Amino acid sequence: IKYLKKDKVMSSTLKINLSLFQSAWNYKGNSKITNINRKNFNLNNYLCSLVRCLIEQYLNVIEIFNYNKKIKICVLSGGLARNIPVIGDVISYRTGLKVIPVADIDETLIGLRTISLISLNNSLNYPTAQKIFWRKY
């Protein structure tokens, strides 16, 4: 999954509802895979489709936060983006945003610090707050 290519992910054909848990994005009480046929049900298409559907969830959130298209940078964080580099490639391609790759460290605490700096008005924006914690762009 670490070596998936952008064109393969974007052209994958299965539709996978990733809402397995009540806390999942757009949870509706079930999960499913559709658009399966003999020609497209193979491991590569399944993995590419799974990643594409995950990315589509990210794109939906980006659209909510960036409805006015003022945000120009997307900072990725966490294990999924670290282990599946094509996520950043597809997000950049689909949105036109500059995608900052995942750092080699677990950024959970740094992210929480960043949010707290902004909410306490100790920083004007995410890039400024993250620079306080040595994140380089």
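Predicted model: local features only at pLDDT ≥ 70, side-chain atom pairs only at ≥ 80, totals over all residues.
Me: What else describes the chain as a whole, say its secondary structure?

Reply: There are six helices and four strands. Reading from the N terminus, they run α-β-β-α-β-α-α-β-α-α. The C-alpha atoms fill a box of roughly 55 × 30 × 30 Å along the principal axes. Of the 137 residues, 30% count as buried. Among contacts between residues at least 6 apart in sequence, 62% join residues at least 24 apart.

Me: What makes Glu56 and Arg52 a salt bridge?

Reply: The cut-off is a Lys or Arg side-chain nitrogen within 4 Å of a carboxyl oxygen of Asp or Glu. For Glu56 and Arg52, the closest N and O atoms are 3.1 Å apart, so the pair qualifies under the 4 Å limit. Both residues lie in helix α2, four residues apart, about one turn of the helix. In general, side chains of opposite charge can pair when their charged atoms come close.

Me: How many salt bridges does the structure hold?

Reply: Two. Besides Glu56 with Arg52, Glu63 pairs with Lys69, their closest N and O atoms being 3.0 Å apart. Glu63, at 42% relative accessibility, counts as partly exposed, and Lys69 is partly exposed too, at 44%.

Me: Why is Phe65 called exposed?

Reply: Because its relative accessibility is 60%, and the exposed class begins over 50%. Phe65 is found in helix α2, which covers residues 43–65. Together with Trp25, Ile64 and Ile71, Phe65 makes a nonpolar surface patch of about 420 Å².

Me: What makes Thr128 partly exposed?

Reply: A relative accessible area of 40%, which again sits between the 20% and 50% limits. Thr128 lies in helix α6, residues 126–132. The C-alpha atoms of Thr128 and Ile118, 10 residues apart along the chain, are separated by 9.3 Å.

Me: Which residues have the most contacts inside the largest nonpolar core?

Reply: Val9, Val51, Ile55 and Ile91, in a core of 19 residues. Helices α2 and α4 (86–95) each supply at least two residues of this core, and the largest share, six residues, comes from α2. In soluble globular proteins, nonpolar side chains tend to be buried together.

Me: What does Val51 touch, not counting residues up to four places away in sequence?

Reply: Ile1, Leu4, Val9, Ile84, Val86 and Ile87. Each is called a contact because heavy atoms come within 4.5 Å.

Conventions. Residues numbered from 1 in each chain as written. Heavy atoms only, no water. Patch = residues over 30% accessible without salt bridge, like charges linked within 9 Å, V, L, I, M, F, W, Y side chains within 5 Å. Areas by Shrake-Rupley, 256 points an atom, 1.4 Å probe, with all protein chains shown as cover. Buried < 20%, exposed > 50% of the residue type's maximum accessible area, 1.4 Å probe, protein only. Core = buried A, V, L, I, M, F, W, Y, C linked by side-chain atoms within 4.5 Å.
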